[in-house]
Amino acid sequence: MRIATPTRTRTILNEYGHRMRKSLGQNFLIDGNIIENIIEGAGVTIEDTVLEIGPGIGSMTEILSEKAKKVIAVEIDKNLIPILEKTLEHRDNIEIIHQDILKLDLEKLQKEKGLETGFKVVANLPYYVTTPIIMSLLEGNAPIHSITVMIQKEVADRILASKDCKVYGALTVACNLYADVREVLSVPPTVFLPRPKVSSTVITFTPKANQLTTGERKLLFGIVKDAFGKRRKTLLNSLSSGDLGFSKDQVREALGIAGVDPIKRAENLTIEDFKGIMNAFSQTVKK
Ligand code: SAM
């Protein structure tokens, strides 16, 4: 019987006396069909090396290992490592790493494993640390083919928001700057043990080629932060009273070059508008 069933999951947890750690976002999947749908949405094939973040007791890892060439599963909770070693002992293409994903050097890991293509990341992410994990994957240097993750619906809505929406914000701009993002499926709380209070959404990021230098990226994120930091103000006011320290004249000039109306607000701008403003500031500030 697969791990991803209510009975098997409860039996494993009882057998090892594992107490679910809420602080580590431990809500385990107990529905094999949902896992199959996530893996199908991720486009995992037998050619792929999958990086799974937070395998838990191995519910998704087991099914991933049936579809992929290899699965590297990174789990922070040391109490889960002996459980994973036992529950997954019948599979020979899984490597379990006991580590905090935020501290793991993925570029180094990729070289050590001699991987020529990027990882496909697949995860039911711990909700307490969703955004830092996504941003570190998108901003890191490790070649990543795609990232398919289950996250809290509210966070997915922010990432997938269109401009002029209330939830369109710095996270939307940051994610869409680095990747094309699409929704894969909605998931109700009933397929987890224990049940979370919120609904979930699975989304896939396909990273874009990075066209920005480190300096440009820093300036762009500074602009995004200042603009959304005071999102009810016009751009003229938010950008001239933020951390970047631009004067009103500098902001007026840059917005003029970028062709953006200074009375617009952050939520009215596309990613391309933000890039245009960044380019304009780069030109005018250098003068
Ligand atoms: N994949 C399993 C499933 O779907 O049933 C478990 C998912 S559970 C939502 C999140 C898992 O991530 C937990 O096993 C938790 O211990 C682990 N985790 C939490 N923070 C982590 C981190 N920083 N690095 C690696 N794993 C982490």
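A polar contact, as used in these legends, is a pair of N or O atoms within 3.5 Å; within protein, one must be able to donate a hydrogen and the other to accept it, and residues adjacent in sequence count only if both atoms are side-chain atoms. The model is predicted, so local features need pLDDT of at least 70 and side-chain atom pairs pLDDT 80 or more, while totals for chains, interfaces and linings use all residues. Residues are numbered from 1 along each chain as its sequence is written, and side-chain values use heavy atoms, with hydrogens and water left out.

View 1. Let's begin with the ligand's oxygen atoms. One is 2.8 Å from a polar backbone atom of L29. In the side chain of N124, an N or O atom is 2.8 Å from a ligand oxygen, and for the side chain of Q26 the distance is 3.0 Å. On its own the ligand has 600 Å² of accessible area, and the protein covers 99% of that (Shrake-Rupley method, 1.4 Å probe).

**View 2. The shell around the ligand.** Here are the 23 residues that surround the ligand, with L29, G54, E75, N124 and Y128 the closest (a residue is near if one of its heavy atoms lies within 4 Å). By type, the shell holds eleven nonpolar, eight polar and four charged residues (Ala, Val, Leu, Ile, Met, Phe, Trp, Tyr, Cys and Pro count as nonpolar, Asp, Glu, Lys and Arg as charged, the others, Gly among them, as polar).

**View 3. The largest pocket.** The ligand takes up the space of the largest pocket (more than half of its atoms lie within 2 Å of the grid points). A pocket is an open set of points on a 1 Å grid over the protein atoms alone, where a 1.4 Å probe fits, with protein on both sides within 12 Å along at least five of seven lines; lining residues have an atom within 4 Å of a point. Its volume is about 680 Å³ (the space filled by probe spheres set on the points, which are joined across faces, edges and corners). Of the 36 lining residues, L24, G25, Q26, N27 and P126 lie nearest the centre. The lining comprises 22 nonpolar, eight polar and six charged residues.

**View 4. The second largest pocket.** This one has a volume of about 340 Å³. It is lined by 21 residues, and L138, Y178, K208, A209 and N210 are the closest to its centre. Its lining divides into eleven nonpolar, five polar and five charged residues.

**View 5. Two backbone details.** Look for the cis peptide bond joining L193 and P194, with omega about -15 degrees. For a second stop, visit D164: it is not a glycine, yet its phi is positive, at about 75 degrees.
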